[in-house]
Amino acid sequence: RERAPGRERPLVAAAAGRPDPSVPPSGVSCSGCGAELQCRDGAAPGFVPAEKYRSLSEGPAGAAGLRGAVCQRCWLLAHHGRVLRLQLPPEQHRRVVSAALRRPPRHGRGPLLLYLLDVLELPDPVLPELPGLLGPDVPVAGLLVAGNKVDLLPADSPGHLGRLRRQVAAACARAGLRGAPLVDVRLVSAKTGFGLEGLVSRLQRSWRCAGDVYLLGATNSGKSTLFNALLRSDYCKSRAPDVVNRATVSHWPGTTLNLLKFPIINPTCDRIFRRQERLREEATKTEDQLSSEEKKYLNHLKKQGYFVGEVGRTFQQQKSSPVVDFDPDMLSYSIDEDPRHSPKKYEEREEFTYNEVKDARWCFDTPGIVKENCVLNLLTEKEVKLVLPTQAIVPRTFILKPGMVLFLAALGRVDYLEGEKPAWFSVVASNLLPVHISILSKADAIYEKHAGQELLKVPMGGEERMKEFPPLVPQDITLKGIGTTEAVADIKLSSAGWVAVTAHAEEKLLLRAYTPKGTTLVVREPPLLPYISTIRGARIAGTAAYRTKKPPALVENLKTTERR
């Protein structure tokens, strides 16, 4: 199979440092992405420049000196957001995941699958592929689905989280999953911690420590962020954060290249009791009782998302000195240090003892499955950063008459062709993506003139960029309104975002929506946030736009302070 259009050009960074083809692979995995560390080929996963590779592997510890190291690609992603060009077969991620899932069962039973689903991407394009990854004869004990990134979406009505959870469950039912009984559906934010304590409790209550757990999902679903959060929770052995390094997290699809893992703690009755005591105690606190550092961090999370939670640890002794995540002498490139200088002394890394892991059950982070027909496959790394929302999305609502056009950057377009009355179009997308309103007679000229330029912003790079970017292709859509406060459907413009359409009851609308050729446009009925058009301010005079309004953040696991 050929690589999807546009996948080659965004990977602009080239490997630095010299390779040495004569040195065999290390047998040691990169602690950030799981690839095997090597210095043979700068275009292959796990590359470390030969000079640095030798300085680590030829020291007192031998090959063990590479343990905890990160490859050059992970260092560039973590520090500079730069993507290193790699030569990977198109199906590499699927092969790694499928091979892992088809391993013979350990401990007498199959694994639990923890599938992380990006709620912004509903219907999830990868979930229906899960049976094919498993194969016909792979025993699976259960499937737990977690809808991630709920922190990015505002509450459009009371009980919206329950409605959202039902929509995720319905997506699982439509996917036709077989051979993997659905254990539960949870809503979480791996980034802000919302729902994670509940997820840990659910895993420990239903799964305990019966077998291994595989963390699965599409690219950019937040798996590595969740892996890192669980690594610092009550779900892993108490010493694991001191031994297991965090996964590399990046906006770029496909950051994790191989399996990462940490050992799961055995939730004995005593441990469950102590954990519940901690949770009950924390639930009695108010924000006013938090330390200044805790308040500062909480306020930071509130700016990031609408729903915030704290992930604590019960089984950990506080250390008096700060924890250094990475020893520069141990790393090819340290996540926290400049790679150009490293001390010569060798310090032994902390490792698990044999008894700690001889019967361990493991939680595995797997490579994300690349989404086919996704607009992100066409974008450069700078463009991906603008398209993928990282902070709470502020909805933008416009009232359009027939003959008007809405552009979402140069990645999507919605034309209001026919209708008797004005309708409301609410954009749910990254706050960094521009929305431009025009009339039908001028729309084509605006796209020709401004695609690749500042007005429409993405793609960026002018005429040369647009020469290789696929043209927008149309799809006609007919909708019937159900009321002026409730959207009838979402027009999902691939992974660029969506437009919720609200119209008068029984009002028939003819729309024409556009996305780049080769990407998927979805009409989502019912809409994800049906009352999104009500989250708006006053109409801006002389324009089609309403003033935006950002609802306040909700903090989980803290007692509400009553204001007088």
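Helices (H or I, at least four residues) and strands (E, at least two) are DSSP runs, numbered from the N terminus. This is a predicted model, where local features need pLDDT of at least 70, side-chain atom pairs count only at pLDDT 80 or more, and totals for chains, interfaces and linings use all residues. Residues are numbered from 1 along each chain as its sequence is written, and side-chain values use heavy atoms, with hydrogens and water left out.

**View 1. The whole protein, with its confidence.** The protein has 14 helices and 18 strands. Of its 564 residues, 55% are buried; buried means under 20% relative accessible area, exposed over 50%, and partly exposed in between (1.4 Å probe, protein chains only). The average pLDDT, the predictor's confidence in each residue from 0 to 100, is 83, and 82% of the residues score at least 70. Take contact as heavy atoms within 4.5 Å: among contacts between residues at least 6 apart in sequence, 77% join residues at least 24 apart.

**View 2. Strand 7, covered on both faces.** In a regular strand the side chains alternate between the two faces of the sheet. Here strand 7 (residues 362–365) has W362 and F364 on one side and C363 and D365 on the other, and all of them are buried. Two strands count as paired if DSSP finds at least two bridges between them. Strand 4 (residues 213–217) pairs with strand 7 in the parallel sense over three bridges, with Y214 opposite F364. Strand 5 (residues 260–263) runs antiparallel to strand 7 and is joined to it by four bridges; F262 has C363 as its bridge partner.

**View 3. Helix 5 and what it packs on.** Helix 5 (residues 160–174) has 15 residues and reaches 21 Å from first C-alpha to last, close to the 21 Å expected at 1.5 Å a residue (the expected span is 1.5 Å times one less than the number of residues). An α-helix has 3.6 residues a turn, so residues three or four places apart point the same way. The buried set in helix 5 is H160, R163, L164, Q167, V168, A171 and C172. These buried residues pack against strand 1 (112–118), strand 2 (142–148), strand 3 (182–187) and strand 6 (307–308). C172 counts as buried because its relative accessible area is 4%.

**View 4. P24, ahead of helix 1.** P24 lies in the segment before helix 1 (50–57). With a relative accessible area of 53%, P24 is exposed. Leaving aside neighbours within four places in sequence, P24 is in contact with R40 and Y53. C39 is 15 residues away from P24 in sequence, and the two are 8.1 Å apart, C-alpha to C-alpha.

View 5. Most residues other than glycine have a negative phi, and most peptide bonds are trans. The L122 to P123 bond is cis, with omega near -5°, and P123 sits in the loop between strand 1 and helix 4 (130–134). E525 to P526 is cis too, with omega near 0°. N220 is not a glycine, yet has a positive phi of about 65°; N220 is buried because its relative accessibility is 15%. K457, in the loop between helix 13 (440–450) and helix 14 (462–468), has a positive phi near 70° and is partly exposed at 26% relative accessibility.
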